[in-house]
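Hi,

Here is the structure I said I would pass on. Have a look at it first, and my notes come after.

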Amino acid sequence: MLIGAVVLFPAVELVRASLSRYSITGLYQGAVGGRNYARLLQQDALGPVALNTLTWVGAVVGLTLVISLALAQFLDLEFPGRRLVRWALIVPWAASLIMTSKLFVWIYDYYFGLLNRALVALHVVRGPIDWLGDDRTVMGAMIGVGVFVSLPFTTYVLLAGLQSIPGEVYEAARVDGASGWRTYWAVTLPLLRPALVVAAVLNLIYVFNSFPIVWTLNDRNPGFGHDTLITYMYKIAFKSALRDVGLAAALGVVNVLLTLAAVLVYLNTVRWRESFEA
Amino acid sequence: MDWNTIDQQVSTMIQNNQPPDVLNLNAFASYAKDNLLYAAEDVLSPKTKDDFLEAFARGGEYRGKLHGFPILSSARAFFYNTDLFARARITAPPKTWDDFVRDAQKITKLGGGAIGYALPLGPEEAQAEWSIWMWNNGGDWKSGDRWAINSDKNVQTLGFLADLANKHKVTQVNPGKTNRTDGAFQLFKDGKVGMVIGFSPLAKQLDAEGKVKYAVGAMPANAGAAVTLGVEDYLMAFKKKGNQEAVKKFLDLYYQPENITRWITAEGFLPVTKSGLTQMSSDAKLKPYLDLLPNARLAPTTDPAWDKVKLDVQQSLGLAVQPGGNPKAVLDKLQQNATAESGR
């Protein structure tokens, strides 16, 4: 019952909307079959937006995993103040995404931003950079925030994974005379694989569907040059000359299928069954 | 409802066949076109209807009948920082576009991060900033019944704005990617900017902060008398079974002079009724805007196609003033889309 109400009903509604035509006011104007899907493919912006999405998801998930691995390793060590550091790491996770994004809008600001002030003071750059307005830096700036907010969750998943590795295997490695790096590659990473797979899959879905960061940091830029499929969908429905709920619903259906496909392909490549049986 | 998501909320309500009884929005024509709204004679008493200022009542007509009832208005005005003007030895606000460029250059030359003119052509309100510059060069959205977005005059105007940014370099960085509220206004409030197009809520904030000395005047014009943009918000009543009497009672109560004037004053906006204008004309703070009101023009809000043209402008105009942007190509595309949308 619950699954039916929470998952099935919206999904059916979404598919139905994608097969319908609506006026700009939202008034239903009849079924149109697959026409919205055909029109979607004709949108000039679709190619660049899809590419942006690939960059966004790939970079955020990739960087997050690499940095989180290092952070988790660090937090696994015994050191004074570890509890404090662990708590501090949760903060960006607890803050609302919109708030975090707004904060970063100010950090990145050309005139008032802390980042430019710091970089200029350190002589890294000669003058300020318009991080969110310059086409070359917008995506990088957004990815930075995406990684920042994804780190806590990912780090904790990996930390839990690290702590579940029994101490005996390290002892065995030491007895065999393995070096630090060798132990990491041959023992830690393989045993961490289940946790890594879970973190990657969840992040993949999460980052793909992330709306607030891209929306907030990109709201000054006209056009669709830095949109992902998710913000593009919203713009199609409400913020562009298309103003078309049906077309946006069609993209919504495509988005869900894409996420599903990406996750399946990923799980297939990492052979997740093996990783859990290992 | 929050102003940022109201379009989405209302659209969802209508999709679900549960329209609101009464709605306050900045667009009405699409709803009238879809035959969702009561006309004025169905829900307004003649006394209320006759009290609307002529221009605003006309701005709420669809096919000759009033559907979007004016609820409040605002007028844009030319703000300038009097401290920066004094330091740059400018004695009076610019009257012509040549004066304007010269003054903007003088202010920029002061150095220390001074910006001559803050030009917000980002997606938030590009159509408003554009309307004002366009009209003050003698151009318009339409010529008669037809769209005239890419007229020679308009191409010239957009070229002028691009030059401000890329040739004269008197604007803030990336004007095509600057919004109004958190961009241009923020810089003006910080005292960095010589000139900006603002409105009464900005004046309220400046007065509250007391940091920037400023004055308010008319736009510099390149053709004829200075023109500004008037914006009206609408109240509209949705046709639903059995709600006509209740809606009528509500609207008549709402539009009683003391009620509507009290609300408009509290929010810092301008009146839309004759009685309201008489009542508010004694307020010295509002005088500059009320003086501009007779010369204020409205965007073509009575055309249902406008609701999409506006969004199109917001998403593309800024690209024309970026380095390497092509004003004519951007306007041509807008014209083409607008014409297709209207079917003429």
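Below is what turned up when I went through the model, sorted by topic.

One thing to keep in mind throughout: this is a predicted model.

**Salt bridges**

Searching the whole structure gives 19 salt bridges over all chains. The one I'd open up to begin with pairs the side chains of Glu125(B) and Arg76(B), with 3.0 Å from N to O. These two come from distant parts of the chain, 49 residues apart: Glu125(B) is in the loop between strand S6 (115-117) and helix H8 (126-135) of chain B, while Arg76(B) is in the loop between strand S4 (69-75) and strand S5 (77-81) of chain B. Buried or exposed? Both Glu125(B) and Arg76(B) are buried.

Next is Lys211(B) with Asp190(B), a salt bridge at 2.9 Å, N to O. Lys211(B) belongs to the loop between helix H11 (200-209) and strand S10 (214-217) of chain B, and Asp190(B) to the loop between helix H10 (180-189) and strand S9 (193-198) of chain B, so this pair ties together parts 21 residues apart in sequence. Lys211(B) is exposed, with a relative accessible area of 53%, and Asp190(B) is partly exposed at 27%.

**Rings, and charges over them**

Over all chains, the search finds 33 aromatic pairs. One of them is Tyr108(A) with Trp131(A): the ring centres are 6.4 Å apart and the planes are at 45°, so the pair is tilted. Tyr108(A) lies in helix H5 (residues 97-108) of chain A and Trp131(A) in the loop between helix H6 (114-121) and helix H7 (138-163) of chain A, so the pair ties together parts 23 residues apart in sequence. Tyr108(A) and Trp131(A) are both buried.

Over in chain B, Phe78(B) and Tyr80(B) make another tilted pair, 6.3 Å centre to centre with 40° between the planes. Both of these are buried as well. Phe78(B) and Tyr80(B) are also part of a cluster linked by ring pairs, together with Phe85(B), Trp97(B), Phe100(B), Tyr117(B), Trp133(B) and Phe160(B).

Arg76(B) shows up again here: its charged end sits over the ring of Phe199(B), 5.1 Å from the ring centre. Likewise, the charged end of Lys142(B) sits over the ring of Trp147(B), at 4.9 Å from the centre.

**Two spots in chain A**

Ser240(A) is in the loop between helix H11 (229-239) and helix H12 (245-269) of chain A. With 2% relative accessibility, Ser240(A) counts as buried. Which residues does Ser240(A) contact, leaving aside neighbours within four places in sequence? Phe224(A) and Lys235(A), plus Leu311(B) and Gln315(B) from chain B.

Finally, there is a nonpolar surface patch of about 630 Å², made by Leu2(A), Ile3(A), Val6(A), Val7(A), Leu8(A) and Val12(A). Of these, Val7(A) is found in helix H1 (residues 2-18) of chain A and is partly exposed, with a relative accessible area of 48%.

Cheers

Definitions and conventions. Residues numbered from 1 in each chain as written. Chains lettered and ligands numbered in written order. Predicted model: local features only at pLDDT ≥ 70, side-chain atom pairs only at ≥ 80, totals over all residues. Heavy atoms only, no water. Patch = residues over 30% accessible without salt bridge, like charges linked within 9 Å, V, L, I, M, F, W, Y side chains within 5 Å. Areas by Shrake-Rupley, 256 points an atom, 1.4 Å probe, with all protein chains shown as cover. Salt bridge = Lys/Arg side-chain N within 4 Å of Asp/Glu carboxyl O. Helix = DSSP H or I, 4+ residues; strand = E, 2+ residues; numbered from the N terminus. Buried < 20%, exposed > 50% of the residue type's maximum accessible area, 1.4 Å probe, protein only. Contact = heavy atoms within 4.5 Å. Phe/Tyr/Trp six-rings, centres within 6.5 Å; stacked < 30°, edge-to-face > 60°. Lys NZ or Arg CZ within 6 Å of the ring centre and 35° of its normal.
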